Amino acid sequence: MTTQTGAGADGARASRILVVDDEEINRLILAALFEEHFEVVTASDGQEALEVLLADPGGFAAVLLDVMMPNVDGMEVLKRLKPTGLLERVPVFLITAERGNAVMEEAYRLGVMDFIGKPVVPYVVVRRVLSVVELFEARKRLSLTVEDQRLQLLERAEQIIELNRGMIESLSAAIEFRDGESGEHVRRIHDITRTMLLETPFGEGLSAEDVDDIALASIMHDVGKIAIPDAILCKPGRLTAEEFEVMKTHTTQGAVLLGRIPQMRSLGAYRYAVDIARHHHERWDGRGYPDGLAGDEISPWAQVVGLADVYDALTNRRVYKPAFTREESLRMICDGECGAFNPRLLECFLEVEPAIARLYEGAEAPETEGER
Amino acid sequence: MRHEVLAAGGIDVDDALGRLMGSEKLLARLLGKFLDDTSYQRFLDAVAADDAEAGLEAAHALKGVSGNLSMVRVHELTTRACELIRAGDWPAARGLADELGSAYSSVKAAIEACEL
């Protein structure tokens, strides 16, 4: 391999081209034509050309390749370069006197850029090669820009998702604050729901994306409480029958409220959120509210959030009750003291409950009240 | 460099210089290198050995170089030789050897006369 320097009068184009021809005279002519524009590297056969190219695949702006050479000829060079993908990044020109034959067709199929006729016509060759090199450089710059923009958009989309989530959490926590909860309640419902769906057979058939949407939706299960008057929501001790009827409407009010936020509808979590808000107090035996759904009429996600809500309320102190121990809480749930649950749901829950309990450890002592 | 001597030897000097951006120095250098080029001799060897494949290779190489250096007659004859061999008529291509020999000799003599 020989290198002829001639980095260009303006010095702006520092790139190199590779000239491959077994005849020294032909190499010298092409080198003379291009030394004004490029640093010209030459190779005297296909094997040498492949070695030079593969040692530095990004190092050349173009390749001028003779077809007929002893040993490894120009077509063979193309065939070996094809699988490397180099032909898509570096324009290769075949130097040939023969045109319109099967060789040309095959060369185009392999990804050659263009043909240079022999004997060479200087201004045509130079113009054509320079144009294509410029095109490739422009394309490279463009694709870098597009990639940059794609990454920026992706980053922005992630920020928006995070913001959405943050706002939903904040709003839900603010609602919980009204009846004296710490805001931790919604976080725990989120975590329990996620754990149940990801780590037990109860989440079978749901994709990771579905589970994320459901967990996000679970945060909003009690948004309807914003419509319940303080006198009822924050009342210590037992509610009267009338008061309890009002309290129960937090489910339907929640679903209505969510339906009124047009931006919510485009979220994947939307349909889950509405369903969960309305149905997290339904029970397996049909004795829950507001619709008295029974068994599989209640969606799996509403069932999971319903159970998570009861478990979290039992194991933490509320204005109308003290905190129960885990054992006592589980016994009450299994004995149906908080309404009937799907036996399969309970089975799955008992499986992961120790892991869920560990999520609570280390968290600050709960100071909560109010599952109703 | 004496253009008329080279022209009489069968070289289109203006055409060749055009390819070299007018550089007589480079043309002189390349013509000097042509004297060391082995493709004509390889063609003769192929004719003697009756080897069509080697004949094509040599004729093709000579065609490329003579074309780039605007050696009109040599280029014409080697172009025809290549076509004939590719068409399967090696005997006819071989028959061009004498004519090619005289065209090659003229070019060679002209270059040597210019003492390049």
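This is a predicted model: local features need pLDDT of at least 70, side-chain atom pairs count only at pLDDT 80 or more; totals for chains, interfaces and linings use all residues.
Colleague: Where does A:Ala308 lie, and which residues is A:Ala308 in contact with, leaving aside neighbours within four places in sequence?

Modeller: A:Ala308 belongs to helix α12 (residues 300-315) of chain A. Leaving aside those neighbours within four places, A:Ala308 is in contact with A:Ile189, A:Ile192 and A:Thr193. As for A:Phe349, 41 residues away in sequence, its C-alpha is 9.1 Å from that of A:Ala308.

Colleague: And A:Leu330, why is that one called partly exposed?

Modeller: A:Leu330 has 19 C-beta neighbours inside 10 Å. Buried needs 20 or more and exposed needs 12 or fewer, so A:Leu330 ends up as partly exposed. A:Leu330 sits in helix α13 (residues 326-334) of chain A, and its C-alpha is separated by 9.1 Å from that of A:Glu353, 23 residues apart along the chain.

Colleague: How much of chain A is buried?

Modeller: Buried residues are 37% of the 372 residues in chain A. Chain A has 14 helices and 6 strands. Of its contacts with a separation of 6 or more, 67% are between residues 24 or more positions apart.

Colleague: Which residues in α7(A) and α8(A) meet?

Modeller: On the α7(A) side, A:Val186, A:Ile189, A:His190, A:Thr193, A:Arg194, A:Leu197 and A:Leu198. They meet A:Val211, A:Ile214, A:Ala215, A:Ser218 and A:Ile219 in α8(A). By type, the residues of this contact are 8 nonpolar, 3 polar and 1 charged. A:Ile189 and A:Thr193 are also among the residues in contact with A:Ala308.

Colleague: Last one: how many residues does each chain put into the contact between A and B?

Modeller: Chain A gives 13 residues and chain B gives 17 residues. Helix α1 (residues 24-34) of chain A supplies the largest share of the chain A side, with 6 residues. That side divides into 9 nonpolar, 1 polar and 3 charged residues.

How values were computed
Residues are numbered from 1 along each chain as its sequence is written. Chains are lettered from A and ligands numbered from 1 in the order in which they are written. Two residues are in contact if their C-beta atoms, placed from the backbone, lie within 7 Å. Helices (H or I, at least four residues) and strands (E, at least two) are DSSP runs, numbered from the N terminus. Ala, Val, Leu, Ile, Met, Phe, Trp, Tyr, Cys and Pro count as nonpolar, Asp, Glu, Lys and Arg as charged, and the others, Gly among them, as polar.
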